[in-house]
Amino acid sequence: MRFTKKGLSRRQVLATSLTLPALGSLPGFARAAGLVTLSQFHDLCGTLTGKSGLNLEISNRILTALTALDSSFPQKVGSLISAMKTYGLKDMSDFKQFAEQNANQAPVAMSIISAWYLGYTGTPLMDATPAVGHPVDDATFVTYVGALMYAPTADTTVIPSYSRGHTNYWVNPPASQSAG
């Protein structure tokens, strides 16, 4: 790299600023920096939720949102993955014992699980209270229909989203109920 009398040239600064983020996204560089790749995080999400076929884009949103809340979150995820490997945790059947022996890892795991089931990260306004350490609404939406909380009743209920009829469609009872 050549330096001008004043330091780096604009071209060198621009080239460096475009190259460094790309290097950080490569698995080898990410591991060297103590970060987790999206693929590793996505695999971890599958293990923690016990679900296969999770949406990769939602995993990316969750990782991004949790990292925005805590800039050291990727390193914490890497530490969680290492601790799970050391413990031999491959599914959630032994998570309680794992959490008891790895108390600093459990909150990281629970934040990921919560994001998948609730569809948001952080603390929403209704729960933001200074008395319990959550003075602001720092919730970030990651998914609505992809939230896992709807899966157990998917065969009998629809995901609540918008009215399925015209205004006040629910006022009159169905024809089957009003016929005698």
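Predicted model: local features only at pLDDT ≥ 70, side-chain atom pairs only at ≥ 80, totals over all residues.

Visitor: What makes a residue count as buried?

Guide: The word applies to a residue whose relative accessible area is under 20%, while exposed is kept for values over 50% and partly exposed for those in between.

Visitor: Why is H3 called roughly perpendicular to H7?

Guide: The axes of helix H3, residues 38–49, and helix H7, residues 106–118, come within 10 Å and cross at roughly 80 degrees. Angles from 65 to 115 degrees count as roughly perpendicular, and therefore H3 is described as roughly perpendicular to H7. On the side of H3 the contact is made by Phe41, Leu44, Cys45, Leu48 and Thr49, and on the side of H7 by Ala109, Ile112, Ile113, Trp116 and Tyr117. Sorted by class, the contact of H3 with H7 has 9 nonpolar residues, 1 polar residue and no charged residues.

Visitor: How do you know that the length of H3 agrees with what its 12 residues should span?

Guide: The expected span is 1.5 Å times one less than the number of residues, so the 12 residues of H3 should span 16 Å, and since the end C-alpha atoms are 16 Å apart, the two values agree. Within H3, the buried residues are Phe41, His42, Leu44, Cys45, Gly46, Leu48 and Thr49, and the buried residues of H3 pack against helix H4 (56–69), helix H5 (73–87) and H7. After H3 comes Gly50, whose phi is positive, near 70 degrees.

Visitor: What is Met92 called, buried or partly exposed, and why?

Guide: Met92 has a relative accessibility of 26%, and because that value lies between the cut-offs of 20% and 50%, Met92 counts as partly exposed. The residue is placed in the loop between H5 and helix H6 (95–101). Met92 and Gly50 are 42 residues apart in sequence, yet their C-alpha atoms are 6.9 Å apart in space. Leaving aside neighbours within four places in sequence, Met92 is in contact with Thr47, Leu48 and Ile113.

Visitor: Which residues of H7 are buried, and what covers them?

Guide: In H7 the buried residues are Ala106, Val108, Ala109, Ile112, Ile113, Ala115 and Trp116, and their cover includes H3, H4, H5, H6 and E1. H7 itself has 13 residues and reaches 18 Å from its first C-alpha to its last, close to the 18 Å expected at 1.5 Å a residue.

Visitor: What makes H5 and H7 roughly perpendicular to each other?

Guide: H5 and H7 pack at an angle of about 105 degrees, with their axes 9 Å apart. The range for roughly perpendicular is 65 to 115 degrees, and H5 and H7 are therefore given that description. In this packing, Phe73, Lys76, Val77 and Leu80 of H5 meet Val108, Ala109, Ser111 and Ile112 of H7, and the residues of the contact divide into 6 nonpolar, 1 polar and 1 charged.

Visitor: Why is Gly119 called buried?

Guide: The relative accessible area of Gly119 is 1%, and because the cut-off is under 20%, Gly119 is buried. Gly119 lies in the loop between H7 and E1, just after H7, and takes a positive phi of about 90 degrees. Leaving aside neighbours within four places in sequence, Gly119 is in contact with Ser114, Thr140, Phe141, Val142, Thr143 and Ala147.

Visitor: And why does Thr121 count as buried?

Guide: Thr121, found in strand E1 (residues 120–121), has 2% relative accessibility, and because buried means under 20%, Thr121 counts as buried. Beyond its neighbours within four places in sequence, Thr121 is in contact with residues including Ala65, Leu66, Leu69 and Ala115.

Notes
Residues numbered from 1 in each chain as written. Heavy atoms only, no water. Axes fitted to C-alpha atoms, helices over the stretch in contact; angles between N-to-C directions. Helix = DSSP H or I, 4+ residues; strand = E, 2+ residues; numbered from the N terminus. Parallel < 35°, antiparallel > 145°, perpendicular 65-115°, else oblique. Contact = heavy atoms within 4.5 Å. Nonpolar A, V, L, I, M, F, W, Y, C, P; charged D, E, K, R; others polar. Buried < 20%, exposed > 50% of the residue type's maximum accessible area, 1.4 Å probe, protein only.
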